[in-house]
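Reader: I am new to this structure. Please take one residue and look at it closely, then show me what surrounds it.

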Amino acid sequence: MSLVHEIDYGTPASLSEKMVTLTIDGNEVTVPEGTSLMRAAMEAGIQVPKLCATDMVDAFGSCRLCLIEIEGRNGTPASCTTPAMEGLVVHTQTKRLKDIRKGVMELYISDHPLDCLTCAANGDCELQDMAGAVGLRDVRYGYEGDNHVFTKADGIANDRWMPKDESNPYFTYDPAKCIVCSRCVRACEEVQGTFALTIEGRGFSSRVSPGMHENFLDSECVSCGACVQACPTATLTEKSVIQIGQPEHSKVTTCAYCGVGCSFKAEMRGEELVRMVPYKDGKANRGHSCVKGRFAYGYSTHKDRILNPMIREKITDPWREVSWDEAYKYVANEFRRLQYQYGRNSVGGITSSRCTNEETYLVQKLVRAGFGNNNVDTCARVCHSPTGYGLKTTFGTSAGTQDFDSVEHTDVVMVIGANPTDGHPVFASRLKKRLRKGAKLIVVDPRRIDLVRSPHVSAAQHLQLRPGTNVAVVTSLAHVVVTEGLFDEKFIRERCDWEEFQDWAAFVSSPEHSPEAIEELTGVNPQTLREAARLFATGGNGAIYYGLGVTEHSQGSTTVMAIANLAMATGNIGRKGVGVNPLRGQNNVQGSCDMGSFPHELPGYRHVSDESTRDIFDKLWGVKIQDEPGLRIPNMLDAAVDGTFKGIYIQGEDILQSDPDTKHVAAGLEAMECVVVHDLFLNETANYAHVFLPGSTFLEKDGTFTNAERRINRVRKVMSPLNGYADWEVTQNLAKAMGLNWNYTHPSQVMDEIAMTTPSFAGVSYELLEKEGSVQWPCNEKAPLGTPIMHIDGFARGKGKFIRTEYVATDERTGPRFPLLLTTGRILSQYNVGAQTRRTDNVMWHEEDRLEIHAHDAENRGIRDGDWVKISSRSGETTLRALITDRVSPGVVYTTFHHPTTQANVITTDFSDWATNCPEYKVTAVQVGASNGPSDWQVQYDEQARQSRRIKILDAAE
Amino acid sequence: MQSASTDIAARAIGIIDQFKGKEGPLLPILHELQGEFGYVPQETLPLIAHALNISRAEVHGVFSFYHDYRDHPAGRHVLKLCRAEACQSMGSDALADRARQLLGIDWHGTTTDGAVTLEPVYCLGLCACAPAAMLDGEVIGRLDAERLDEIAAEVRL
C-alpha cells in the first residue's frame, strides 16, 4: 500500500479543442491551445520547478521559479503564465535558468525557518522539494537580517514576527513559515468562492490575512480546507498531521455526509486516519471539499460510540451488554414471536440513507424475504420522496437529470427551496464559480440565503415567497412563460404530447395563476416574478436546482411536477447546462431509494404489484413476495399506536429526532415490543429501543454510495470496524439467525446480485467502478459507462408528461393563536440531527439551534437578540434562543434542527405530502414568546434520555 | 462613544453611496474617506465590503497595500519627506534625520501636541527639484535645512 499519487499540472486544463504541438526539452508535446507551458511540460513528464502554481487555481506568476527559455524569444518568461503555441521550442533547464532559480530559492530560504526535521510538513513540503530540485546548498544572505522567522533579534522583539493562529479547530496558520505565494488566497477565491483571505501590506511586509487581520475563526472563513490543501509549506497545516505525522498510505473513498458525494483520499498511518483530502479525479467535487467531509470525521472514534451489542427487556431498564450471538438470537426470537402472535405484518424495517447501497439492499431483502412482508421504508420518506414520485410521473425516472459538471454550462440557475452554501457546500462553490463567470441566478426562498447576496454573487431575482406557496409561484412562472409566448414549441412538439401541453397551457394561462393574482397569497412582487420567468425562459441554458424547501410540504409532489413542467415548457431538458436537479440531503438517499427501500417498490423503482419483477426476486430468493405495498414510516407508527405493529429493525436512522411530531413518534415506539436500533451511538430513537446493535462508520466498510447525480461511488474500508463488524455483516448475521441462507463474503457480491436483478444497474460491478472511478446509472447494455445526462433524445417514459398543478393551501394555517410561520433548515457546520457533527469540533461554529426572527416580530413580543424564547404550535412547544435578523421576512421564523435538546420536531405537525406522506416540515404555524428556559417537555425528555442511556456495569472478571 | 461611531458610519455610508455605482469604486471611496476623516476608520471597511458586495478581507487587502491610507488620525499637519533615490542623492537622508530630531518623532509618528505627523514617501515625481517634500498636500521643492527649520516652527504655531 502506498499513497494515492496525484499529479499537479500546475495550471488548470484548457478546454480548447484546437491542438498545438511544441517541443519541450527535445520532447514533442501536443496540447490543447491555451495550455500553459508548465502544464504542457508536465504532460510530457517534465516537471518545471514551481511554488506559486497549482492546478486547482489559475496561474499567478509570482514565485519566479518556473521560468523557462524559448528559442527566438528574449528573456525568461514564467512557464505558468505563458501559453503553449504551435512550433515553440522550450528549454526548462539551462545554465541561466538554473542560476536564477538557485538565486530565487536562496532569497526564499533566507526568510524561512530551517526546522525541517521537526516541521509537520516534513516529507510533504514543496519548498523543501524545490530546494532539492534546484540544488540549493547554501544561502549567501545569511539568516540574521530582517525576517519573519525569529521572535527576537539581538534581544529585541521582532515586530515582523507573528504568533501561530490556532483558532481554527482543524488547522493552524503559522505566519513564520509563509512564503506569500498566495495559493491559499486564490484557493479561497477561485475554488471555494468565499474570499475570506487576502494578502495584506506589500513588499516584505506582505502576509496572508484572514478577514481584516483577524484570526481564522473570527474571519469569513468557512473552514473548507481549500487553503490548507493549496499551501506548499507548513504555514497552513491540519492539526491532525501536526499531532500524528505524515500518512504512509491512502485509499480513495466517498464522503458520508451530504448528497454531493465528494471523493476523498483517506490518508492513513496504519489504521489511524491522518486526514481526508479531496480527490481531484472525484467527478462530483473535482478536488474540493467542505468543513464536514474534510475535517468532521472525529465522530468515528468518539468515546460515545457503542461497541458491544446490548439488550434490555423494558425501556426503563438499564442496558445490558451481551454477545453478538445472544443479540441476534434475541432479535430473531422476538420477531418470530411477534409475527406468530400479531401476524406476519406486525414487524418491519427502516433502511438507512447513511449506509451503503449494499447494506440498504440487504435490509430490504431481510424485510421482504425474512419478515415476509413489504414493511420497509427509508428516511427519504421524510425528504425526497416527492422527488421520486414527481419526476417518475413527468419524466419517467425518479432522479435528477444532470451531473454536477453540467453547472459549468448553465446560463440561468434557478434555486428553489435549497440553501446550497450550507446544505451542499461543494456544489455551491461550483455554482458560485459559474455565477462569477456571468451566469444569472434566480432564488426562490422565504429566507434571504447567502446565495442571494454574498461577496461576488448576487441573485438577479429573489422571490421571497411565503412558506407553503411554492406551487402557486412555480405555476405562475409557467403562466408568464406561456402567456408571453416564451415556451419552446419545437422541444415540446418533439418530446412531449402536444395535446397534453395545450391542456396544461390553458390551465396555467388562466388569470388566477397570474403573478398579480397570487401576490396577496405568496407575498411575491408580480414584477419580480415576471422578470424571473422571462430571464429563465430566454436567458440561455436554464437549470433548476431544488431542495427540501420544495419537497417537505403538503404539496411537495405537486411542486416537483410544476418544476418539471417549467423545465419542459422552456426546453431545458436533455443536454448539458440544463435540467431538473434535486439536491439530495444524504450521502446515499438516492441509493437507498434505488435499492427498493420503499414499501411499494422493489429495487429499480419497480412496483411490488408487477408480477414479472416479483418473479425475478421470488426465484432468486426462494420466497413469495407480497404483491401489496407495505407500511410507510408514519403508517408503522400509527399501527403501533393502534397495537397492530410490534417490532422494527432501524438501521442508521434517528426517527425520533428527524421525523415530525416527536411525541407521536415516541408514542409509536413506546407501543412496540421489540425496537432494534442499529447505529453508531445511543441516538434519541435508542431511548425507546430494546436491542442495540453497534454500527460501523463509512471508514470501516466496503460498499458504494449513490449521490444526487446518480453517481455510484466506491466506499473503501480503511480501518477495521471498532465494533467488529460492518453493517452489512450484522444484517446478514441477523438474517442467518432468522433462518435465511445468506453467504455474502464481500459487498461486491451484493452488488452483483443488484446488477443481476435490476435493469438500470445491469452493467455495474466493482471491477467497472475500479476502472472508471464511478458511473452514473442507468448503466447497462445501452449505456455501458453510465449516463451523465438523462433524457437526451427522449424521455425515459417516452413523452414528457405535463401535469396540471393546482395550488391547494396547506391545512396548517396561521391564525390568532399561531400567527407566525416556522420553516426549518440546515447550517454549514452541522449535519441533520447532528449525531456525527455534534461529536466533532464543528460545534465551535454552531453550538445550539437559534430561532431566526425578524426585528419587527421580535419587537412586538419584547424579544431581544439572544433571549430565551418559547415557540409553540398545535403539536407542542420547545424553547431556544432568538437571533434577530432580516434574513427572514416579518411573519416568518426559522430554525435549524441539529441539536436534540432543541427538539424542533416537537413543534412540527403531522401534515404531509398528499402523494408520498413526506412530512410538511417547512410550514408550521407557531407563536413565539419570551421564556425563562427549557420547556417541561425538554426537562422531562432530558431526564428520560439520561435514564434510558444507563448501561449496567457488569462485575469485572479480572 | 456610541454616537461618535454612528456618526462616522453615517458619514461613511454617504460617501460609499456616492461612489458605489461607479466603475472601480474602491479606491475613490478610500480616498474620499481619508479626505473626510483624515484617516480611514477601520469600522468603515465592512460597510464598504457590504456595499460593493466584496469580502472585508478584500477591502483590507487593498487598504493595507497603500501606505498613504492611515488607520488612525494624523496630526493637524502632515509632513511627507521623499526618501527615494533622486532625493537621497541630493541629501534627503540628512534632512530626514534633522526633521526627526527637530520634531522629536520617528517616521509615522505624531508630535505629542498633535501638531504634525511625519511620513516617508517614495517619490513625489519632483526629482528635478530634489530633495522634495509635501506639507498638507502642497509640494515643496529644493528643501534645505533652513526651510525645514521654518516648516518645523510653522507647524507648531
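**A close look at one residue**

Author: Tyr894(A) is the residue to look at. It sits in strand 37 of chain A, which covers residues 892–896. Keep in mind that this is a predicted model.

Is Tyr894(A) buried or exposed? Tyr894(A) has 22 C-beta neighbours inside 10 Å, so it counts as buried. The cut-off for that class is 20 or more.

Now step back to chain A. Its secondary structure comes to 29 helices and 38 strands. Of its 958 residues, 58% count as buried. Take the contacts in chain A with a separation of 6 or more: 72% of them join residues 24 or more positions apart. The C-alpha trace spans about 90 × 85 × 65 Å along its principal axes. Chain A has a radius of gyration of 29 Å; a compact globule with 958 residues would have one near 30 Å, so the two agree.

Chain A also meets chain B. Here 19 residues of chain A are in contact with 11 residues of chain B. On the chain B side, helix 4 (residues 56–65) gives the most, with 7 residues. By class, that side has 4 nonpolar, 5 polar and 2 charged residues.

Last, the scores. Chain B averages a pLDDT of 92, and 97% of its residues score at least 70. The model has ipTM 0.90 and pTM 0.93.

How values were computed. Residues are numbered from 1 along each chain as its sequence is written. Chains are lettered from A and ligands numbered from 1 in the order in which they are written. This is a predicted model: local features need pLDDT of at least 70, side-chain atom pairs count only at pLDDT 80 or more; totals for chains, interfaces and linings use all residues. Helices (H or I, at least four residues) and strands (E, at least two) are DSSP runs, numbered from the N terminus. A residue is buried if 20 or more other C-beta atoms lie within 10 Å of its own, exposed if 12 or fewer, and partly exposed in between; C-beta atoms are placed from the backbone. Two residues are in contact if their C-beta atoms, placed from the backbone, lie within 7 Å. Ala, Val, Leu, Ile, Met, Phe, Trp, Tyr, Cys and Pro count as nonpolar, Asp, Glu, Lys and Arg as charged, and the others, Gly among them, as polar. pLDDT is the predictor's confidence in each residue, from 0 to 100. The radius of gyration is taken over C-alpha atoms; the globule rule is 2.2 Å times the number of residues to the power 0.38.
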